[in-house]
Structures are given as C-alpha cells and as structure tokens.
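Student: I have a new structure open and would like to learn how to read it. Could you walk me through it, one feature at a time?

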Amino acid sequence: MPSFDPYERGCPSRDLLDQIGSKWAVLVLGELGRNGTSRFGRLRQALAGVSEKMLTQTLRTLERDGLVSRTVYPAVPPHVEYELTALGQTLREPLKALTEWSVLHIEEVITAREEYDDRTERTR
C-alpha cells in the first residue's frame, strides 16, 4: 500500500489538499453541505464575489475528485443541479469546524494582522 504523505513532493494527497483548501472549494462545499442540492445560479448568488468562470472550474474540479455530483435534467434551458456525494459529505464536519474556528477567532487574527502591519511599516 502506497504512503500518501502530503509533505512529500508529488504526492496526490498534497494536490487534493490544494484543491479542497482553495477559497472557492471550501465555500462551495460548505454551501452544498448547509443547503443541499443547488443549481448553478443559486450557488453563484450564495457565494458573493465568485465569477461564473471560477465557479465552473471549482465545480468541475470537485466533481472530478468525486466530492460533488452534477445532474443534468432534460429541459430548455438545461436544468443542472449540484450536490455533495457520499465522499463529499465526509468533509462537512471538518469544514464546519474550520468555519466555526474562523468566526470564533477572527478578531484575534485581525488584531495580529494590524500589529504585524504596524511593526513592518515602522521598519521600512
């Protein structure tokens, strides 16, 4: 059995961490986890600031990785829905924990950023 150590160059698990750790992937997975099946337009609306191109790329990557499924219904215009797969569902708790952590600690992070910026500005 191969060792999938993300700290080693070229390891596929490192690539997966890059994918699921991207800003838009985290938000897409979180939105689908919170609200279930969704259409493209609804996802784009829920994820303020995401471009159509970036959302499309993110959904394709997540689908390729087996985390999101895409269902096309025959209609005019085409009706497409996205939802988490069983594998994608396993990410709900870890992502929820990261989201809760970020909300709980954002004030400390903002303070740290301001202190850092003040220190580095004085040394210029």
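Tutor: Gladly! Let's begin with contacts: two residues are in contact when they have heavy atoms within 4.5 Å. Keep in mind that this is a predicted model.

Student: Which residues does S13 touch, not counting residues up to four places away in sequence?

Tutor: S13 touches F4, D5 and P6. S13 itself sits in helix α1, which covers residues 12-20.

Student: Is S13 buried or exposed?

Tutor: Buried means under 20% relative accessible area. S13 has 19%, so S13 counts as buried.

Student: Let's step back to the whole chain. How many helices and strands are there?

Tutor: The chain has six helices and three strands. Reading from the N terminus, the order is α-α-β-α-α-β-β-α-α.

Student: And what about the overall dimensions?

Tutor: Along the principal axes, the C-alpha atoms fill a box of roughly 60 × 45 × 25 Å. Of the 124 residues, 22% count as buried. The accessible surface is about 9400 Å², and carbon and sulfur atoms account for 54% of that surface.

Student: How can I check the length of a helix?

Student: Which residues of α2 are buried?

Tutor: They are W24, A25, V28, L29, E31, L32 and G33. Take A25 as a case: the relative accessibility of A25 is 2%, so A25 counts as buried. Leaving aside neighbours within four places in sequence, A25 is in contact with Q19, I20, T58 and L62. A25 also shows how residues separated in sequence can be compared in space: A25 and Q57 are 32 residues apart along the chain, with their C-alpha atoms 9.7 Å apart.

Student: Now the strands. In what order do they form the sheet?

Tutor: The order is β1-β3-β2, in an open sheet with antiparallel pairing. β1 and β2 are at the edges with a single partner strand each, so one side of each has no neighbour in the sheet. β1 and β3 are joined by two bridges. Helix α2 lies across β1, β2 and β3, and runs at about 90 degrees to β3.

Student: What is the bridge partner of S38 in β3?

Tutor: The partner is Y82. S38 belongs to strand β1, residues 38-39. With a relative accessible area of 7%, S38 is buried. S38 touches L32, L43, V80, E81 and Y82, when residues up to four places away in sequence are not counted. L32 is also one of the buried residues of α2.

Student: What should I look for in the backbone itself?

Tutor: Most residues other than glycine have a negative phi, and most peptide bonds are trans. Two places in this chain are worth a look. Just after α2, G36 takes a positive phi of about 75 degrees. Then there is the peptide bond from V76 to P77, which is cis, with omega near -5 degrees.

Student: Where is P77?

Tutor: P77 is in the loop between β2 (68-73) and β3 (79-84).

Technical notes: Residues numbered from 1 in each chain as written. Predicted model: local features only at pLDDT ≥ 70, side-chain atom pairs only at ≥ 80, totals over all residues. Heavy atoms only, no water. Buried < 20%, exposed > 50% of the residue type's maximum accessible area, 1.4 Å probe, protein only. Helix = DSSP H or I, 4+ residues; strand = E, 2+ residues; numbered from the N terminus. Pairing = 2+ DSSP bridges. Axes fitted to C-alpha atoms, helices over the stretch in contact; angles between N-to-C directions. Areas by Shrake-Rupley, 256 points an atom, 1.4 Å probe, with all protein chains shown as cover.
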